[in-house]
Protein chains: 2
Amino acid sequence: MSNAHVPAPTSRREQILKEAARLFAERGFHGVGVDEIGAAVGISGPGLYRHFAGKDAMLAELLVGISERLLEGGRMRIAEGGESPEAVLHALIDGHIDFALDDRPLITVHDRELDRLREADRKRVRQLQRQYVELWVEVVRECYPACTESEARSAVHAVFGLLNSTPHLSPRASLPPRAATEALLKRLALGAFAAAADRERMPAE
Amino acid sequence: MSNAHVPAPTSRREQILKEAARLFAERGFHGVGVDEIGAAVGISGPGLYRHFAGKDAMLAELLVGISERLLEGGRMRIAEGGESPEAVLHALIDGHIDFALDDRPLITVHDRELDRLREADRKRVRQLQRQYVELWVEVVRECYPACTESEARSAVHAVFGLLNSTPHLSPRASLPPRAATEALLKRLALGAFAAAADRERMPAE
DNA sequence: TGTTCGAGTTAATGGCCGTTAACCTCATTT
DNA sequence: AAATGAGGTTAACGGCCATTAACTCGAACA
């Protein structure tokens, strides 16, 4: 019952989560108080407890949520299946870049505050992350059969580090137009993967 | 006076800093108490205050120290000047990789806890970081004149993200031998830079 | 031999902050 | 019109934790 007059597309919960993500990214989980989070959405202090069981619950929902969306997005792009493995890899990269640019704060919090979670949640997040990585590893190995699995996995982690570096760029004033950043990041990622593959290069210094 | 019988090559201060770095990396600055740091070096609790003005002072010394060492190392390698810009870039990459692999905890803390610092220290660290980046940017632009300065800077940040991704690999059991990891990371970094340069690639999906 | 001083110790203090209690106030329902 | 419940409010409470106080102890020094 009551489905026709929800106040807005963004519910209070979502609004709180968004602000919490921003604040956590800026000053760290322990660095921000519940009063601040409340203030950021116009209510103050313990009013948050009408929406969440506690501060930890907000962090948990943020981290589980982002991990799930990343994995689901990845699966979707693979299922859509391009005509070639290369096309799929391109799609994965594009998707991750969109994500990194759209949800910068979440990306930041993602690997900063994992161990502030309760055992159960942390395990779940790690499992989702692992699955996401494995998705990429498979595609990368299809594109570059010369790559060992271990190499592919390391390369995928490294490329995540590369793509997730965008938060470090942001504080700069007058950042270049988004399309340019997207294109550059994509080139960098593809270049890195390609280099991971051919083991014969560079006389080793 | 008294210079001949210091107990060990590693003073108490250094020992404390090392353990603090490890703990900060594992659980975050706010997540670890002074008692824990003390316990890690065999003394307990407030005994630390004989060596440091406070918990903040430890973090400050860690972050300023790492930033200074990185910058100094970079300057040294540039001063030594290889026969070509490419050789210098290789040296910079090798140096950064060694650093990332040797001081994993520090690398982690480096960009995680910057804003827990007092204004003055934070400014100093940021300035050192900026100088280090500019070092790389210059060398990259010599290697790849087709790169705009903005592109080069973004690429450098991204490659730092790539190289600093090693902490994420470590928890994996049976990590590949160090030499292999070094070689792979170097290939990835060089591949990324090369790709940043040639703007004509990939039909852009 | 007595003194100083570096390096610890344990016990108290004080502040911050997450959480809970108790109370309020509109809409909505009946 | 009374009842209900969602969503807030302010005022405690309680625990954790960095820091300080007060005291100890052994070595170097004179």
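## Ground rules

A polar contact here is a pair of N or O atoms within 3.5 Å; within protein, one must be able to donate a hydrogen and the other to accept it, and residues adjacent in sequence count only if both atoms are side-chain atoms. One such pair puts a polar side-chain atom of A:His51 at 2.7 Å from a phosphate oxygen of DNA strand D.

This is a predicted model, in which local features need pLDDT of at least 70 and side-chain atom pairs count only at pLDDT 80 or more, while totals for chains, interfaces and linings use all residues. Residues are numbered from 1 along each chain as its sequence is written, chains are lettered from A and ligands numbered from 1 in the order in which they are written, and side-chain values use heavy atoms, with hydrogens and water left out.

## The chain itself

Chain A has nine helices and zero strands. Helices (H or I, at least four residues) and strands (E, at least two) are DSSP runs, numbered from the N terminus. The C-alpha trace of chain A spans about 60 × 45 × 35 Å along its principal axes.

## How the two copies relate

Rotate by 180°, shift by 0.0 Å along the axis, and chain B lands on chain A with an RMSD of 0.0 Å. Because of that, the relation is that of a two-fold axis. The superposition is by least squares on the C-alpha atoms of residues with pLDDT of at least 70 in both copies.

## The protein-protein interface

With contact meaning heavy atoms within 4.5 Å, 41 residues from chain B and 43 residues from chain A take part. Together the chains bury about 3,500 Å², 59% of it on carbon and sulfur atoms. That buried area is the accessible area (1.4 Å probe) that two parts lose on being put together, summed over both.

Two salt bridges cross between chain B and chain A, a salt bridge being a side-chain nitrogen of Lys or Arg within 4 Å of a carboxyl oxygen of Asp or Glu. In one of them, A:Arg187 pairs with B:Glu151 at 3.7 Å, N to O. There are also seven residue pairs in polar contact across the interface of chain B and chain A, both residues at pLDDT 80 or more. On the chain B side, the helices that each supply at least two residues include H1 (12-27), H7 (149-163) and H9 (178-197). That side has 13 nonpolar, 11 polar and 17 charged residues. For this count, Ala, Val, Leu, Ile, Met, Phe, Trp, Tyr, Cys and Pro are nonpolar, Asp, Glu, Lys and Arg are charged, and the others, Gly among them, are polar.

## Gripping the DNA

Start with DNA strand C: 15 residues surround it, and the closest are A:Val34, A:Tyr49, B:Arg12, B:Arg50 and B:His51. Near means a heavy atom of the residue within 4 Å of the molecule or strand. A:Tyr49 puts a polar side-chain atom 2.4 Å from a phosphate oxygen of DNA strand C, and B:His51 does likewise at 2.6 Å. B:Arg50 goes for a base oxygen of DNA strand C instead, at 2.3 Å from a polar side-chain atom.

DNA strand D also has 15 residues around it, and A:Arg12, A:Arg50, A:His51, B:Val34 and B:Tyr49 come nearest. A polar side-chain atom of B:Tyr49 sits 2.4 Å from a phosphate oxygen of DNA strand D, while A:Ser44 uses a backbone N or O atom, 3.0 Å from a phosphate oxygen of DNA strand D. Of the atoms of DNA strand D within 4 Å of the protein, 58% belong to sugar or phosphate and the rest to bases; for DNA strand C the sugar or phosphate share is 53%.
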